Amino acid sequence: MIHSRECAVSFLTGTTNEEVKKVTSWIKYANEIINDYFGMVTSFDVLICRGRWDMEVQIISRKGQSTLSMYNDTKFVGITDYRLEEIVIRCDIARFGHYLHELIHGIISKNHPHQLREGFAWYFTLKLTERYRYVRPSYPSWVDMLYVYPVNRLAEIVGDEFLKDLAVGKASIQHDLLPRDVQDLFVSEEVFYSKKRYHK
């Protein structure tokens with residue numbers, strides 16, 4: 001049973017009946033996985049586009065109005081706009097893992113800084129696809145360095161149940177007592193990215 005309203009899905013480009021069925025079934029299945037694990041699903045709407053140009057238009061139209069990842073390797077496949085509460089996915093190249101990743105973004109607390117939201121989204125995407133690695137989004141090694149490794153360390157300290165509650169805003173933590181690389185996830189986005197410029 002899903003404990004939140006199901007997200008609305010809109011297609012911004014022409015799609016075949018088969019594509020509509022595939023996309024809607026992947027969204028439904030991703031929401032079921034998220035609900036089974038977190039007990040909730042996103043209320044963010046999902047916009048489906050096709051092609052690099054359509055995705056570029058979506059990114060450009062949101063710049064300056066919303067915190068979108070400049071460092072997210074999946075930015076041309078999927079983006080989550082926390083301000084507008086919208087998820088945009090490029091259906092012609094997205095794998096199931098992209099849908100899962102962005103829908104996880106949709107349940108993470110907006111109060112967290114961007115890099116912590118990214119870390120949680122990557123951590124839980126990888127955790128929930130552990131047995132099905134072929135569906136995962138591909139990503140560069142710096143995503144591990146910036147996001148996955150520090151959240152893994154945090155999970156080792158607090159455990160997965162607490163980490164889930166922290167991700168969705170049901171728990172808080174005194175982060176200044178954590179290891180330095182984990183503390184960095186909690187600082188302002190400007191400070192975080194100025195410290196991490198080396199990764200590109």
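Me: What makes β3 and strand β4 (residues 86–90) a pair in this predicted model?
Reply: β3 and β4 are joined by four bridges, in the antiparallel sense.

Me: Why are β1 (9–11) and β3 (78–81) said to stand at the edges?
Reply: The open sheet has four strands in the order β1-β2-β4-β3, and its pairing is mixed. β1 and β3 each have a single partner strand, so one side of each lacks a neighbour in the sheet. From one strand to the next, the twist averages 20°.

Me: Which strands does helix α1 (residues 17–38) lie across, and at what angle does it run to β1?
Reply: Helix α1 lies across β1 and β2 (45–49), and runs at about 155° to β1.

Me: Why are α4 and α5 called roughly perpendicular?
Reply: Helix α4 (residues 114–128) and helix α5 (residues 141–158) pack at an angle of about 75°, their axes 8 Å apart. Angles of 65 to 115 degrees count as roughly perpendicular, and α4 and α5 are therefore described that way.

Me: Which residues make the contact of α4 with α5?
Reply: From α4 come Q115, E118, G119, F120, W122, Y123 and L126. α5 supplies V143, Y147, V148, V151, N152, L154 and A155.

Me: How do the residues of this contact divide into nonpolar, polar and charged?
Reply: The contact of α4 with α5 has 10 nonpolar residues, three polar and one charged. Glu counts as charged, so E118 of α4 is the charged one.

Terms used: Residues are numbered from 1 along each chain as its sequence is written. This is a predicted model: local features need pLDDT of at least 70, side-chain atom pairs count only at pLDDT 80 or more; totals for chains, interfaces and linings use all residues. Side-chain values use heavy atoms; hydrogens and water are left out. Axes are lines fitted to C-alpha atoms, for helices over the stretch in contact, and angles run from 0 to 180 degrees between N-to-C directions. Helices (H or I, at least four residues) and strands (E, at least two) are DSSP runs, numbered from the N terminus. Angles under 35 degrees count as roughly parallel, over 145 as roughly antiparallel, 65 to 115 as roughly perpendicular and the rest as oblique. Contact means heavy atoms within 4.5 Å. Two strands pair if DSSP finds at least two bridges between them.
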